Structures are given as structure tokens and as C-alpha cells.
Amino acid sequence: MQKKVFPFKKENRLKSKRSFQFVYTKGHSYVDGMSVLYVLPQQEEELKLGCAVGKKLGCAVVRNHVKRLMREVFRQHRAELKKGYHIIWMARRNIVKADFKTYEKVFLRLVKRAALLQ
């Protein structure tokens, strides 16, 4: 049986500082020991993700690795999420040394707490 592939296109990403600030100020936050999830309902049908990894977590190589893992977890579980939300997933220091399964557990726990699962 072939696994269904869900691409993570650029139009599914939050990129601008203005959109990040809008979600931070108007959205609701869900906190975990390893990350924070900011969620804002939108009128549009698209589900968009922005990944935030601060400079205190490490050099650019480490930060980019964390963002790649975060985007991959989102890509794999996007079909299970409700449409019409802007999400910012912010990493904390503890998640840097975690493996992929831990990223999945953290993301699913926060999404469940935010009631975004279908």
C-alpha cells in the first residue's frame, strides 16, 4: 500500500513579519514544555503554518534543522487538521535535541489541546 503524500507548498506558509505579529496578538496560545502553538481562525479555507525558532536555540544550522522537522511533522498531519487556521509553532530550548517522534508527540498534543483535529 502506497503512502499518500501531502506536499507543503510555499503558499501554505506564513512568512511575513506582519502575518506573524497578527497571529501573535490576535491568536490564542497553547503552551507545552518544548514548544508553543499560536492559533488564529481565518475566513479562508487554507491552513497555513509558520515556524519560529529563536537565535538562542543555536546556530543557523541547528535552527534550520528544527524548522525542517517542524514542517515535516505538519506536512504529515495536515490532512487530520481543520481548515481555515493560521498556526505558528514556536520552538523552545528542550526540543532542539529531540528526535522526530518527540516532535510528532508535541505537535499532536498541542493541536489536540487547541481542538484543531477533525
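V31 stands opposite V36, a residue of strand β2. Its setting is a hairpin, made by β1 and β2 with three residues between them. β1 covers residues 28–31 and β2 covers residues 35–41. The two strands run antiparallel and are joined by four bridges. Strands here are DSSP runs of E with at least two residues, while helices are runs of H or I with at least four, and both are numbered from the N terminus. Two strands count as paired if DSSP finds at least two bridges between them.

This is a predicted model, in which local features need pLDDT of at least 70 and side-chain atom pairs count only at pLDDT 80 or more, while totals for chains, interfaces and linings use all residues. Residues are numbered from 1 along each chain as its sequence is written, and side-chain values use heavy atoms, with hydrogens and water left out.

β3 and β4 (residues 85–91) pair in the parallel sense. Five bridges hold that pairing. Within it, K48 has H86 of β4 as its bridge partner.

Contact means heavy atoms within 4.5 Å.

Which residue does R109 meet in a salt bridge? Its partner is D32, with N to O at 3.6 Å. R109 lies in helix α3 (residues 100–113) and D32 in the loop between β1 and β2, so the pair ties together parts that are 77 residues apart in sequence. A salt bridge is a side-chain nitrogen of Lys or Arg within 4 Å of a carboxyl oxygen of Asp or Glu. Side chains of opposite charge can pair when their charged atoms come close. By this rule there are four salt bridges.

R109 is partly exposed, with a relative accessible area of 40%. D32 is buried, at 10%. Buried means under 20% relative accessible area, exposed means over 50%, and partly exposed lies in between, using a 1.4 Å probe and protein chains only.

E104 pairs with K101, the closest N and O atoms being 3.7 Å apart. Both residues lie in α3, three residues apart, about one turn of the helix. E104 counts as buried at 12% relative accessibility. K101 counts as exposed at 53%.

K48 returns in a further pair. E44 forms a salt bridge with K48, and their closest N and O atoms are 4.0 Å apart. E44 is partly exposed at 34% relative accessibility, whereas K48 is buried at 19%.

A pocket is found on a 1 Å grid over the protein atoms alone: it is an open set of points where a 1.4 Å probe fits, with protein on both sides within 12 Å along at least five of seven lines, and lining residues have an atom within 4 Å of a point.

Which element gives the largest share of the lining? β3 does, with four residues. α1 (17–26), β3 and α2 (60–77) each supply at least two lining residues. The lining includes F8, R13, F20, L49, G50 and K67.

G50 deserves a look of its own. G50 lies in β3 and is buried, at 0% relative accessibility. Its C-alpha atom is 5.7 Å from that of R13, 37 residues away along the chain. Not counting residues up to four places away in sequence, G50 touches L14, F20, I87, I88 and W89.

V53 is buried at 13% relative accessibility. Leaving aside neighbours within four places in sequence, V53 is in contact with R63, V66, K67, M70 and A91. The C-alpha atoms of V53 and F20 are separated by 13 Å, with the residues 33 apart along the chain.
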